[in-house]
Amino acid sequence: MEKLTTEQLQKTASQVRRDILRMVHEVQSGHPGASLGCTEFFVALYFNQLNHNSEFSMEGKGEDLFFLSNGHISPVWYSVLARSGYFDLEELKTFRKINSRVQGHPATEEGLPGIRIASGSLGQGLSVAIGAAQAKKIDGDKGIVYALMGDGEQQEGQIWEAAMYAPHHKVDNLIATIDFNRQQIDGPTAVVMDLDDLKAKWEAFGWQVIETVKGNDMASVVEGLEKAKALLGNGKPVLNLLHTEMGFGVDFMVGTHKWHGIAPSDEQLENALGQLEESLGDY
Amino acid sequence: MEKTLDTKYTYTEKSDTRSGFGDGLVEAGRKNPNVVGLCADLIGSLKMGAFQKEFPERFFQVGIAEANMMGLAAGMTINGKIPFTGTFANFSTGRVYDQIRQSIAYSDKNVKICASHAGLTLGEDGATHQILEDLGMMKMLPNMTVINPCDYNQTKAATLAIAEYHGPVYLRFGRPKWPIFTPSDQKFEIGKAWKMIEGTDVTIFATGHLVWEAVVAEAMLREEGISAEVINIHTIKPLDTQAILESVAKTGCCVSAEEHQYNGGLGDSIAQTLIRNSPAPQEFIGVDDSFGESGKPEDLLEKYGLNAENIVKAAKKAIGRK
């Protein structure tokens with residue numbers, strides 16, 4: 001797939017944000033907050049970084065693989081997959097509706113191309129990504145394995161089982177990213193269950209940690225992923241601490257946990273869409 | 001006591017079913033380079049040492065982190081690996097139920113969850129480790145195949161069979177030295193019940209270690225002039241409902257025998273089959289809504305009513321209810 005320039009990526013991100021809001025609005029259900037916050041990451045990954053093939057095969061031999069652990073941010077992933085050509089854009093209209101492949105949380109059961117494992121129950125995706133990365137190593141497959149986790153998800157014990165495992169087994173074809181927006185359902189992470197110091201914690205477990213301080217700035221996100229890639233192959237996995245703002249791109253949604261899992265009204269949608277260029281055409 | 005009985009199957013040696021798994025795994029590894037092993041700090045207990053030694057590049061020590069192990073295994077299937085996870089049955093199921101549910105069963109991943117030390121026959125370690133709910137938990141998961149073989153040879157054959165089957169499997173076995181009474185060259189057919197002894201008065205459907213108790217019970221019943229049919233239900237799911245219905249149509253009643261709670265076990269599945277098709281009296285041999293405790297395996301089977309003598313009593317009761 002051709003790599004998009006920063007400007008093209010930015011335009012794509014605007015359209016993806018429109019998709020997210022329209023999908024969630026249509027069914028009045030879903031998780032717009034962190035989907036909007038992670039839009040630069042997903043767009044940079046799929047349209048600039050990932051070596052992937054939209055003629056989907058579950059095995060993905062020779063390709064880079066991506067695993068989403070915090071499955072509730074499915075809207076951003078679905079939009080990016082559809083706009084990468086994995087399935088028809090029109091299918092986004094079926095998000096969270098009955099008889100759809102576009103399930104509330106990502107799933108393989110209905111055979112939606114691009115999805116390799118179900119996620120939604122938190123804490124599991126990193127383990128799966130490590131397993132996939134090790135399987136690639138056995139086969140001498142040079143593909144990179146990517147995983148995205150939420151920051152609230154860092155409260156799950158399984159994350160730390162996986163964190164301990166990967167450096168011990170020298171899984172150095174893996175880039176795990178944490179969406180560090182400091183928000184979770186019940187409020188700021190600092191209030192619910194403080195995560196700090198996340199960087200020190202991951203470093204203590206033996207990971208190479210990089211920080212992408214401007215996680216909603218496209219050039220910074222691409223630069224962070226490039227930097228992460230350069231650290232691969234030296235015996236240690238890489239952790240990318242991606243500082244984002246929940247709800248980024250829509251002024252009344254940004255920076256609050258309020259929009260974690262609620263849909264905009266008709267008026268709110270109109271207001272939000274007015275802030276986002278329809279760069280590639282709505283589905 | 002059993003030595004003097006004229007059982008239809010006999011044995012010259014005993015071994016543990018977990019060794020059948022360990023030996024089967026090495027053979028599966030030789031046959032297929034995609035077979036990989038993962039273990040959560042129980043290599044000796046699961047008899048996975050031989051596989052580790054022969055295929056170090058395909059073996060992964062996970063440490064005491066079972067949740068992570070299930071996720072790793074699911075991930076390894078994605079480019080075609082066939083992972084066999086090894087830990088105790090308790091930590092293979094209840095401890096990691098959500099990981100299995102989402103990452104393995106719902107995602108339909110080709111993971112083989114291999115679980116040792118199941119049931120009361122674990123013995124002295126007691127109730128914390130003697131899981132009696134695992135068959136129920138696993139059979140409730142869509143996409144999951146559930147297998148509970150009866151001796152060393154059947155466990156080895158089952159291990160080889162599941163390596164060739166595509167889909168998630170729960171393979172349950174145990175710790176005690178147990179009679180080896182099935183042939184070493186048996187063909188293991190997933191989902192196909194094995195009629196071991198023909199009979200006409202009552203059917204004994206048994207799984208796991210209790211298949212041997214059923215074989216002994218048949219001989220005891222025969223001495224009293226009662227003809228029992230013994231069917232080895234090594235695959236709890238998918239259940240061979242045809243074999244069950246055909247046998248009960250002939251005998252008119254049955255006993256189910258398992259090292260598991262009544263709730264959720266093989267007996268439940270058989271009862272459901274009979275009720276939906278042709279109801280018949282059924283007696284249950286299993287644990288009646290209680291935890292286990294420490295003790296010698298044979299003493300525990302006696303105390304909780306899971307041995308041949310209790311199968312005989314249950315068979316007579318079932319016949320009396322016809």
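User: Which domain does UniProt place at residues 11-270 of chain A?

Analyst: The unreviewed UniProt entry places "Transketolase N-terminal" there. The model itself is predicted. Over residues 11-270 of chain A, 39% is helix and 12% is strand.

User: Why is the contact between A:Arg22 and A:Asp282 called a salt bridge?

Analyst: The N to O distance between the two side chains is 3.9 Å. The cut-off is within 4 Å, from a side-chain nitrogen of Lys or Arg to a carboxyl oxygen of Asp or Glu, so the pair qualifies.

User: Is A:Arg22 buried, partly exposed or exposed, and why?

Analyst: Its relative accessible area is 22%. Buried means under 20% and exposed over 50%, so a value in between counts as partly exposed. A:Arg22 is therefore partly exposed.

User: B:Lys195 and B:Glu229 meet in a salt bridge; how do you know whether each counts as buried or partly exposed?

Analyst: B:Glu229 has 0% relative accessibility and so counts as buried, the limit being under 20%. B:Lys195, at 40%, counts as partly exposed. The side chains meet at 3.9 Å, N to O. B:Lys195 is in strand β9 and B:Glu229 in strand β11, 34 residues apart.

Terms used
Residues are numbered from 1 along each chain as its sequence is written. Chains are lettered from A and ligands numbered from 1 in the order in which they are written. This is a predicted model: local features need pLDDT of at least 70, side-chain atom pairs count only at pLDDT 80 or more; totals for chains, interfaces and linings use all residues. Side-chain values use heavy atoms; hydrogens and water are left out. UniProt positions are given in the numbering used here, feature names are shortened, and annotations may be inferred rather than shown by experiment. Helices (H or I, at least four residues) and strands (E, at least two) are DSSP runs, numbered from the N terminus. Buried means under 20% relative accessible area, exposed over 50%, partly exposed in between (1.4 Å probe, protein chains only).
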